[in-house]
Amino acid sequence: MRFYTVLINSEEKVAASLDGKTLYVLDEFKDMNALIAAGGVQAIPKDARKVNAETVKLLSPIPRPQQDVLCLGINYTAHAEEAERFSKESFGGERPYPIFFSKRVCYSQGTDAPIPAYTGLVDSLDYECELGVVIGKDAKNVKREDVQDYIFGYTIVNDVSARNLQTRHKQWYFGKSLDGFTPMGPCIVSADEFAFPPKQMIACRVNGEVRQDSSTGNLITGIVDIIAMLSEGMTLKAGTVIATGTPAGVGMGMKPPTFLKPGDVVECEIEGIGVLRNCVEE
């Protein structure tokens, strides 16, 4: 099943869909966090009102995450190589353990919403297409064999990054946490729709040019290890979003580095979830 947050008559509503075209509004849930906390829905209510997905505005499935989005850095081998080539000081060295960081998200915009350019502050705006894992119930000290039971579903996250801020401050929080740097969507696909762990095509296009093309099966640290490690001593609340890392092909990895500019259209796609499309504001 697919879950959406949509705007209907200026009101945010949660909806479910089986085909991504016909949406069924779930008025009993005030927002996506409430739906996730309830475990979702097993079947669409017979009395749910129907709307056409093309007639409503799709928002981020979780416009206001209750906690920072948790992220994996350098989690695809080829991306590790291109990142080190861009800045050995910031991205080089041995990594015997996963790199975890977080993004502050005041508001996550959905598909077709703009990405702020921050002209004057950011001179190296970059994209990162990532598989987002949505936690379905509070997770603490989760055993590896139980990880799958804690996953509500999957979405697409564009981990927009200001490379000049990311490298200048010797940490990644500020350069990845500017307002508008966490587009997400277009929906959450329930975990039962994919084999576990998911091995889906993941790609990113800029102005129609394919920049990233890989599989979520190529993660260095997989979903089982990610959740088992993060939940060891730290509670992952229901609704927490984990961005699992990006494959090679980001702007800083190109020769020469090629960053986003106003007017560029970024399309992040993951097989079975859809396309998250955003344009850099002019």
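**Aromatic pairs and a strand**

Visitor: What is the relative accessible area of Tyr 154?
Guide: This is a predicted model, in which local features need pLDDT of at least 70 and side-chain atom pairs pLDDT 80 or more, while totals for chains, interfaces and linings use all residues. Residues are numbered from 1 along each chain as its sequence is written, and side-chain values use heavy atoms, without hydrogens and water. Buried means under 20% relative accessible area, exposed over 50%, and partly exposed in between (1.4 Å probe, protein chains only). Tyr 154 counts as buried, because its relative accessible area is 1%.

Visitor: How many residues apart are Tyr 118 and Phe 181?
Guide: Four aromatic pairs are found in the whole structure; rings of Phe, Tyr and Trp (its six-membered ring) pair with centres within 6.5 Å, and planes under 30 degrees apart are stacked, over 60 edge-to-face, the rest tilted. One of them joins Tyr 118 and Phe 181 edge-to-face, at 5.7 Å between centres and 75° between planes. The two residues lie in distant parts of the chain, 63 residues apart.

Visitor: Why is the pair of Tyr 154 and Phe 194 tilted?
Guide: Phe 181 is buried at 0% relative accessibility. For Tyr 154 and Phe 194, the ring centres are 5.8 Å apart; the pair is tilted because the planes stand at 35°.

Visitor: How many residues of strand 13 are buried?
Guide: Strands (E, at least two residues) are DSSP runs numbered from the N terminus, as are helices (H or I, at least four). Strand 13 covers residues 201-206 and is largely enclosed by the rest of the structure, because the buried residues number five of the six.
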